[in-house]
Amino acid sequence: MKPTDEALAERRARVAKRWELTDEVVLLRAGEPSSWSGTDQHFAFLPHPDVAYLTAVGSPGTTLAFDAAADEWELFGPRFTPERLVWEQPPTPVGRPLDELDEWLAQRSDRTLIELGAGATMPEVPPATDSNEEKASADPVLRLSAAVALERMTKDDAELDDIRRAAAASTAGFEWVYANAAPGMTEREIQVGMEAQFYAAGAPRVAYDSIVASGSHGAYLHYVYAGDDPLRPATRAVEAGDLLLIDAGAQFGGYASDVTRTMVVGADPTDEQRFLWDLVLSAQQQTIDMCRPGNVWRDVHLAAARILGAGLVEMGLLRGDPAELVTEGVVALFFPHGLGHLLGLSVHDITSVPYSREPSDDPLLAKLGPNRVLEPGMVTTVEPGIYFIDALLGDPARREKFAENVVWERVDELRGFGGIRIEDDVLVTDGDPEVLTAAIAKPLRIG
């Protein structure tokens, strides 16, 4: 649901309190659409998420201004000329006409101007060290952007309603996959059929480019249907017995859902497929239960790695103590990504909060993402995975380094296996975690 005027005023008041400004003027710009010459249309436009959060407006050009001396916010929105209205439908008028912004700024030209949002020059976010925290606090753009991000980190009722509606549309798409995907269908056909159901269920767009990867394609973490030629759709047909990994989600009100399911198509799963699928599901279930206030995300991530490591030892792929295998970086050969990320107006939400990412040479922690203490109102994905990635498993340096820990002859038998990941969107509450995507079934076999 769209936030009320009162809810938007509360968001702005909380942000202004964090900013602690006295006489400055702040502009937050939503941005403008872009295009290649000759395409006759613009690329799909997304407003800067900070502006969307504080205005609930998605129109290009929208600008929110704050006068710290008066403690007042002013919203400026575009108005179309008759010539432009020949080609484009007008956005709903909001605030004052955008062409009045220059005069508003001129009246405050003797004041410090800080520009945020689209087009702002954002300094690099420093890693989490004491010296960098002091340095980042001194940079006004970084400090003010971080303040907005900290408010966006926990979701209010209007935001959660949009995420739930996005999840409901995603449910419709995955249900179509379970009922229709079968051997002989191409990855592209499955993607189109699934996304059509997202739209039919009310989603205005997908939250990100869908990943529909069958067989060995599932070993690419960000595989896209175009394969090696982005000008032509993938023609690979799913074969009976293939693993089909789908990472996709609908968007509603600017808010994303992000779901991954992996299933065997058209045949009973092999012993290896069943064991690893059960292992990933177990890791997910146990770490979802850890999504409680006060827990540190790094600890949840490492718990998943230890569970996966223990399973790989049990399967005979690794040798050694699972905790040590995690510490030594062995498990990262098969679990090379982070356990999850915050979700909201961006799929990977709030990535610009300073002091959150700890510098690490550990391959298992390099993709950890913001290492936050979990708080009620946060929405995070939980998505453990096991992958057999040629670039990692075939690397001579890694094979030599981990010769004592990896049963390479057994691992080599599974090259081409692909990958298994299971992902849900989880709301941290004062009590038990709430899985917002729980309605999306997790079948091991379809077709």
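Tutor: Contact here means heavy atoms within 4.5 Å. The model is predicted, so local features need pLDDT of at least 70 and side-chain atom pairs pLDDT 80 or more, while totals for chains, interfaces and linings use all residues. Residues are numbered from 1 along each chain as its sequence is written, and side-chain values use heavy atoms, without hydrogens and water.

The loop is the one between helix H7 (157-180) and helix H8 (187-200), where Thr 186 is found; helices are DSSP runs (H or I) of at least four residues and strands (E) of at least two, numbered from the N terminus. Thr 186 has 15% relative accessibility and therefore counts as buried (under 20%; exposed is over 50%, partly exposed in between, with a 1.4 Å probe and protein chains only). Apart from neighbours within four places in sequence, Thr 186 touches Ala 234, Thr 235, Arg 236 and Ala 237.

H7 and H8 pack at about 145°, with axes 7 Å apart; axes are lines fitted to C-alpha atoms over the stretch in contact, and angles run from 0 to 180 degrees between N-to-C directions. On the H7 side the contact is made by Ala 169, Ser 170, Ala 172, Gly 173, Phe 174, Trp 176 and Val 177, and on the H8 side by Glu 189, Ile 190, Gly 193, Met 194, Gln 197 and Phe 198. These residues divide into 8 nonpolar, 4 polar and 1 charged, with Gly counted as polar.

For comparison, the axes of helix H1 (residues 5-19) and helix H6 (residues 140-152) come within 9 Å and cross at roughly 140°. Arg 14, Val 15, Arg 18 and Trp 19 of H1 meet Arg 143, Leu 144, Ala 147, Val 148, Leu 150 and Glu 151 of H6. This contact holds 6 nonpolar, no polar and 4 charged residues.

Two other loops complete the comparison. Ala 56 lies between helix H2 (49-55) and strand E2 (63-67) and, at 23% relative accessibility, counts as partly exposed. Asp 71 lies between E2 and strand E3 (72-77) and, at 54%, counts as exposed.
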